[in-house]
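Visitor: I would like to learn how to read a few features of a structure. Please give the general idea first, then the case at hand.

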Amino acid sequence: MTERVTLAQGNGGRRMRELIAQVFVTAFGAAAPDTRVDAAIVGDPGGPLVLTTDGFTVQPLEFPGGDLGALAVHGSLNDLAVAGAEPRYLTLGVILEEGFEIEVLRRLVASFAREAAAANVRLVAGDTKVVPRGHGGGAYFTVTAAGVLARPGLTPAAPRPGDRLLVSGPLGDHGVAVMLAREDFGMSGDVRSDCAPVLGLCRALWPLPGLRFTRDPTRGGLAGVTHEIATACGHGIRLVDDSIPIRDQTRVICEMLGFDALTLACEGRVIAVVACDEAPRALRRWRNLPSGRDAAIIGTIVAGASTVVLETPLGGERIIEELDDDPLPRIC
C-alpha cells in the first residue's frame with residue numbers, strides 16, 4: 001500500500017517527529033539541523049548579511065531537468081548570487097497536503113539536500129505543516145537563504161546609457177519544460193528546464209568594475225527584468241531579436257501555443273548590465289564556463305523614455321510589454 005501523509009503528521013506530536021526523522025533528517029544525514037530546538041545559532045558570517053525569502057509552488061512537482069526540491073534550492077541561492085552574495089545558510093518550510101505520497105516527498109527532500117550540499121550551503125532550520133485534503137496542491141516549499149555580501153553596488157538604478165545587456169544562455173526553457181510536463185496541450189518534446197545554480201556565472205563578473213547589475217529572469221522572464229531596469233534607472237532599453245538565444249524547439253512551441261519566450265521563466269540564467277567597454281570581456285568570461293557557453297550580448301541601455309524596444313530581423317521595432325496576466329501559474 002502507498003504510504004501517504006496524514007494530518008497527524010503535522011500535529012506536533014510523535015507522528016510528526018517520526019516524519020521529520022524518517023524523511024528530512026535521513027535526507028540530510030550529518031548535515032541535518034538540530035530538530036530539538038526552534039531556532040538556529042550560526043557563526044559570524046564575516047561580512048554584511050544578505051537575506052532572501054521565496055515560496056515554490058511548481059506543478060508538476062517533478063519535471064524534465066528538475067523538481068520542487070532542486071528548484072527551491074537554486075531559486076533561493078540564485079537570488080543571493082545575483083545580489084552579489086556568497087550563500088551560507090538555508091531554512092526550509094514545507095506545507096504538505098493530506099494524502100501526499102511519502103515516497104514522492106522523499107525524492108523531493110533528497111533532491112533539496114543534494115543540491116544544498118553541492119552548493120556547500122547548510123540547512124540550519126525548518127518546519128513542516130499538513131493541511132487537509134483538498135486545501136493544498138500536494139507540497140509547497142518556502143525557503144529563506146542567507147549569505148555574505150561579496151560584490152556590493154549591484155542595483156537596477158545603476159545602468160547608464162551605452163551600457164550593454166548580456167544573457168548567460170537560452171531563454172524560456174524552464175517555462176516550456178514545465179508546460180509540456182503538465183500535458184495540458186497534448187504536446188511532447190525534449191525541452192529540459194534550465195534549473196541550475198548561477199553563482200559561478202555571477203562570480204565570473206564580480207571583478208569587473210563596470211558591472212552594474214545582475215538578475216535571474218524567473219517569473220516575468222527577460223521582459224520583466226528589462227522593465228525593472230528601465231523603470232529604476234530612468235532610461236530605455238533596446239534589444240536585438242537576432243541576438244537573443246532561444247532554442248529552436250522552445251521557439252516553435254511558443255509560437256504554436258501563442259506564448260512569448262521573452263516572458264517565460266528561467267531558473268538558471270542571468271541577465272547582466274555591463275559598461276560598454278567591458279561587455280566583450282564579460283562575454284568571454286561567461287563563454288569560458290559550461291553554463292555560459294551560449295551567452296550573448298542582447299541589447300543596450302539608451303537615453304530617453306523608460307521603454308523596452310525589440311529590434312526585429314526585418315528592421316522593424318516592437319514595444320516589449322511587461323507581463324500583465326499569468327499564462328503559466330505555478331511555474332516556480
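Guide: Start with contact, which means heavy atoms within 4.5 Å. The model here is predicted.

Visitor: What covers the buried residues of H6?

Guide: The cover includes strands E7 (164-167), E8 (211-215), E9 (236-240), E10 (271-274), E11 (296-302) and E12 (308-311).

Visitor: Which residues of H6 are buried?

Guide: Buried means under 20% relative accessible area. In H6 that applies to Gly 221, Leu 222, Ala 223, Gly 224, Val 225, Thr 226, His 227, Ile 229, Ala 230 and Cys 233. Because ten of its 13 residues are buried, H6 is largely enclosed by the rest of the structure.

Visitor: How many Å does H6 reach from its first C-alpha to its last?

Guide: Helix H6 spans residues 221-233 and reaches 19 Å, close to the 18 Å expected at 1.5 Å a residue. After the helix comes Gly 234, with a positive phi near 80°.

Visitor: How should I read a pair of packed helices?

Guide: Two packed helices are described by the angle between their axes and the distance between the axes. Here, helix H1 (residues 14-28) packs with helix H3 (residues 102-118) at an angle of about 35°, and their axes are 8 Å apart. The crossing of H1 past H3 is right-handed.

Visitor: Which residues make the contact?

Guide: From H1 they are Leu 19, Gln 22, Val 23, Phe 24, Ala 27 and Phe 28. H3 supplies Ile 102, Leu 105, Arg 106, Val 109, Ala 110, Phe 112 and Ala 113. By class, the contact of H1 with H3 has eleven nonpolar residues, one polar and one charged.

Visitor: Now the cysteines. How many disulfides does the structure hold?

Guide: A disulfide is a covalent bond between the sulfur atoms of two cysteines. This structure holds zero. Cys 266 is in no disulfide, and the nearest cysteine sulfur, that of Cys 332, is 10 Å away. Cys 332 is likewise in no disulfide; for Cys 332 the nearest cysteine sulfur is that of Cys 195, 10 Å away.

Visitor: Are Cys 266 and Cys 332 buried or exposed?

Guide: Cys 266 has 1% relative accessibility and so counts as buried. Cys 332, with a relative accessible area of 10%, is buried.

Methods: Residues are numbered from 1 along each chain as its sequence is written. This is a predicted model: local features need pLDDT of at least 70, side-chain atom pairs count only at pLDDT 80 or more; totals for chains, interfaces and linings use all residues. Side-chain values use heavy atoms; hydrogens and water are left out. Helices (H or I, at least four residues) and strands (E, at least two) are DSSP runs, numbered from the N terminus. The expected span of a helix is 1.5 Å times one less than its number of residues. Buried means under 20% relative accessible area, exposed over 50%, partly exposed in between (1.4 Å probe, protein chains only). A disulfide is a pair of cysteine sulfur atoms within 2.5 Å. Axes are lines fitted to C-alpha atoms, for helices over the stretch in contact, and angles run from 0 to 180 degrees between N-to-C directions. A crossing is left-handed if the near helix is turned anticlockwise from the far one by less than a right angle, and right-handed if clockwise. Ala, Val, Leu, Ile, Met, Phe, Trp, Tyr, Cys and Pro count as nonpolar, Asp, Glu, Lys and Arg as charged, and the others, Gly among them, as polar.
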